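Please open the model in your viewer and keep the selection panel at hand. The stops below say what to select next and what is there.

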Amino acid sequence: MSHSEVFGYKASFAEIKQDIRSIDLDEALLILSQFTVLDKKSKEKMKENLKQFVIDKELVDSFEIFDVSNLMYTMKWFIAYGTRNSFYSFNNKHSKPFNVFLTVLKVTDAMINNIDNSNDVQGIVLKESLFLRNTEIDRSLLRQHIMFQEIAKKKELFQAKDYIDIHKIYEEKYGYSISEYVSTIFALNTQCIKGRAIEEIIQEREWGIDPIKFFDKIKIKDKAISIYDSVSIDPLELREWARETINNPYDFEKLLVSPIFIYNNLAYPCSPGNMNAVIFDGLFFKIRNCFGSRDISFFDFFGKLFELYVSDLLKVAVENSQIDNYDFIDEFSFGKNMSDRSSDAYILLGKSLLVVECKSGRIRRETKLEADEKTTDEDFKKYAIEPVKQANKAYTEIVKNDKERFKGANKVTILSVSLQSFPRLPNYNESFYDSEWRKELHPTVKQCDYIGLGDIELIAYIIEKFDMSIFRFIQTKISTDNYIPYANYFYKKYGEIRRLESHNEKLKEVFMDITNTLGFEK
């Protein structure tokens with residue numbers, strides 16, 4: 001929802017700037033932070049309040065009042081032009097939170113100001129999709145725990161030359177363990193978990209934590225404060241960055257590095273998605289920074305962690321499946337001298353075969369922040385098309401020399417799985433279905449798709465929980481709603497997505513580990 005859609009005009013830069021300087025910078029950021037976790041009932045109340053100013057009340061009902069992307073873009077505007085001593089004041093009877101909300105609507109017009117054609121729309125969708133971070137903290141906790149704190153400790157899963165003791169290297173560099181880092185970030189994230197009501201914001205009820213008092217209760221106090229210092233920042237330190245990137249609504253790299261604002265010795269998160277990103281993505285980059293800029297060994301090591309995570313996920317799902325006839329086949333060696341490697345996982349059901357090929361690399365900055373045509377095209381090929389080609393090549397060689405390796409499967413589905421899935425955009429989705437490269441596929445390969453980590457977790461969930469062929473689910477999804485994300489498609493047809501049973505048990509272990517690591521004093 002934007003100001004022009006509700007009030008019929010776009011606010012000028014001068015008007016937005018005056019709004020921004022009519023409230024203390026820290027107060028505004030504190031309000032915006034709470035908006036990111038505003039409960040549904042409060043959003044409806046804000047809609048009702050807004051309706052008194054508009055003729056077309058149904059229009060207000062048809063929109064979400066805001067989302068994380070325009071809230072964070074508004075934060076960037078306040079950081080760029082806000083002051084700690086307001087120059088002006090709001091000349092109305094609205095509460096401060098409602099005035100900040102009206103400013104969000106004005107900034108949203110600036111956010112969508114440069115959309116002139118279909119390519120611009122697709123660029124916006126691409127950047128927003130790759131910008132958004134999952135707000136479900138349990139997923140971030142589970143992924144980091146299984147990959148970094150379980151699989152990464154099992155030397156026997158790796159070739160001796162490929163194994164890296166990331167825990168030893170990490171602790172030597174930072175002075176605290178990976179477990180201490182994750183536990184502290186989780187504790188700082190508690191405000192995001194609670195949610196917020198509009199009455200609490202209006203009444204200025206306490207929000208955020210006093211890190212000194214908070215960490216005084218735990219046994220790793222000094223380490224926790226050091227971790228807190230590494231992810232927190234005074235907003236004014238970001239002013240130069242905010243002004244330089246003000247025309248890019250999706251450049252929030254600085255806020256991913258420092259997702260916690262400091263205000264009068266109070267710490268509060270800028271958004272729940274960013275805090276979750278610190279638990280998984282932030283940890284990834286902290287480990288990466290333990291190595292030299294030209295040392296790619298950790299990327300290779302992480303690639304193996306990612307492959308093993310996906311493989312184990314599917315293996316456990318098959319073991320606990322509602323359908324007894326699924327067969328799981330792990331990665332294996334084949335070819336001359338057994339020097340070639342198969343795809344990362346296979347699942348058989350009768351004559352249907354699912355081939356899973358993982359690609360763990362990171363989509364480049366130019367794609368995520370700028371939707372640059374050249375790099376986006378290259379990244380799409382790298383993370384969507386090339387893994388399918390790779391899986392097809394291995395499959396073709398395997399069945400050429402061993403026709404019964406997959407029990408005569410004649411309906412093959414190949415899934416390319418990356419950390420982040422590309423959104424379904426015509427410019428790129430059409431290239432995925434280009435017959436020029438698809439003619440190289442083995443005759444038994446009937447369908448392919450490109451998905452992200454969250455999607456393969458959903459597929460594992462369906463295998464475990466549903467008395468429904470995963471092949472039928474994928475085929476129906478592709479043929480009827482190809483442009484809708486897997487999670488949205490599933491939710492529309494089947495409702496809430498729950499965790500795997502194995503993940504439920506694992507999460508209990510994670511919470512116990514956090515409690516023991518922090519060691520709260522009674």
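At what angle do α9 and α24 pack, and how far apart are their axes? Before the answer, note that this is a predicted model, in which local features need pLDDT of at least 70 and side-chain atom pairs count only at pLDDT 80 or more, while totals for chains, interfaces and linings use all residues. Residues are numbered from 1 along each chain as its sequence is written, and side-chain values use heavy atoms, with hydrogens and water left out.

**Stop 1: α9 and α24**

Select α9 (137–150) and α24 (453–465); helices here are DSSP runs of H or I with at least four residues, strands are runs of E with at least two, and both are numbered from the N terminus. The two helices pack at an angle of about 90°, with their axes 13 Å apart, the axes being lines fitted to C-alpha atoms over the stretch in contact and the angles running from 0 to 180 degrees between N-to-C directions. α9 and α24 are therefore roughly perpendicular to each other, a term for angles of 65 to 115 degrees. Now show the side chains of R139, R143 and M147 in α9, which meet L453, G454 and E457 in α24; contact means heavy atoms within 4.5 Å. The residues of this contact divide into two nonpolar, one polar and three charged, where Ala, Val, Leu, Ile, Met, Phe, Trp, Tyr, Cys and Pro count as nonpolar, Asp, Glu, Lys and Arg as charged, and the others, Gly among them, as polar.

**Stop 2: the largest cavity**

A cavity is a set of points on a 1 Å grid over the protein atoms alone where a 1.4 Å probe fits but cannot get out, and lining residues have an atom within 4 Å of a point. The largest cavity holds about 120 Å³ of space, a volume being the space filled by probe spheres set on grid points that are joined across faces, edges and corners. α9 gives the most to this lining, with four residues, and the lining as a whole comprises seven nonpolar, one polar and six charged residues.

**Stop 3: the second largest pocket**

Next select D300, G303, K304, E307 and E331, which lie nearest the centre of the second largest pocket among its 29 lining residues. A pocket is an open set of points with protein on both sides within 12 Å along at least five of seven lines. Its volume is about 840 Å³, and α19 gives the most to the lining, with eight residues. By class, this lining has 10 nonpolar, seven polar and 12 charged residues.

**Stop 4: the five-stranded sheet**

Turn to the open sheet with the order β4-β7-β8-β9-β10, in which the pairing is mixed; two strands pair if DSSP finds at least two bridges between them. The edge strands are β4 (327–330) and β10 (445–452), each of which pairs on one side only. Within the sheet, select β8 (residues 352–359) and β9 (residues 411–418), which run parallel and are joined by eight bridges. To follow one of these bridges, pick L353, whose partner in β9 is V412.

Conventions
Angles under 35 degrees count as roughly parallel, over 145 as roughly antiparallel, 65 to 115 as roughly perpendicular and the rest as oblique.
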